[in-house]
Amino acid sequence: MDANMIRAGVSLTGLLLMVVSFLMHSYKKITVNYTVIWELLGAMLVLIGIVPVFSEWTKQLATGTGLAFFCVGAIFLFEEFRTSAMISQLILKTREMAMHVAMLNQENEIILKELDRLSRIVGEGDGKENDDQEEKKASVCCEHAGTGRCGDSAPGTAETAGQSEV
């Protein structure tokens, strides 16, 4: 591989990297931060391939070395791009999950407020019923004062209506 082919390969790799990163971002597979990084790296590769000053090193490589360098670089770029896409997917899923948790927390708060409101309503109703029951017990005790028992005490207990009033 001579120097011009390496330069063309580096330029095409940079162009391909820019196009793929833009498409991945448009399909929501990669985040903006990673897209910008890959776009800048692609632009840098295009400049290295096009501008002769940046690609002087390609003339010093042997044919086999240039091919090996190009293949290893392409594999490295592919793997790093794949890794950044996976990280981006995890970031996007984490954001989505955080939104779901926030909505569930908001719904939980509404349900707790409603439960508190309903328990206060039921509690007020129970308080009135308890007062009514206590009044009924007192009146029953007074009615049974002559029997020797007070409302809910068992027969034969020491507490009688007459003794409790004294």
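This is a predicted model: local features need pLDDT of at least 70, side-chain atom pairs count only at pLDDT 80 or more; totals for chains, interfaces and linings use all residues.
Residues are numbered from 1 along each chain as its sequence is written, and side-chain values use heavy atoms, with hydrogens and water left out. Local features need pLDDT of at least 70 and side-chain atom pairs pLDDT 80 or more, whereas totals for chains, interfaces and linings use all residues.

**Exercise 1.** Find which residues make up the largest nonpolar core, and which element gives the largest share.

*Solution.* Begin with the term: a nonpolar core is a set of buried Ala, Val, Leu, Ile, Met, Phe, Trp, Tyr and Cys residues joined through side-chain atoms within 4.5 Å, where buried means under 20% relative accessible area, with a 1.4 Å probe and protein chains only. The largest such core has 8 residues, namely Ile6, Val10, Leu17, Ile30, Trp38, Leu45, Leu77 and Phe81. Two or more of them come from each of H1, helix H2 (32-50) and helix H3 (63-143), helices being DSSP runs of H or I with at least four residues, numbered from the N terminus. The largest share, 3 residues, belongs to H1.

**Exercise 2.** Decide whether Leu12 and Val19 are exposed or partly exposed.

*Solution.* Exposed means over 50% relative accessible area, and partly exposed lies between that and the buried limit. Leu12, which lies in helix H1, has a relative accessible area of 58% and is therefore exposed. Val19 is also placed in helix H1 (residues 3-26), but its relative accessibility is 43%, so Val19 counts as partly exposed.
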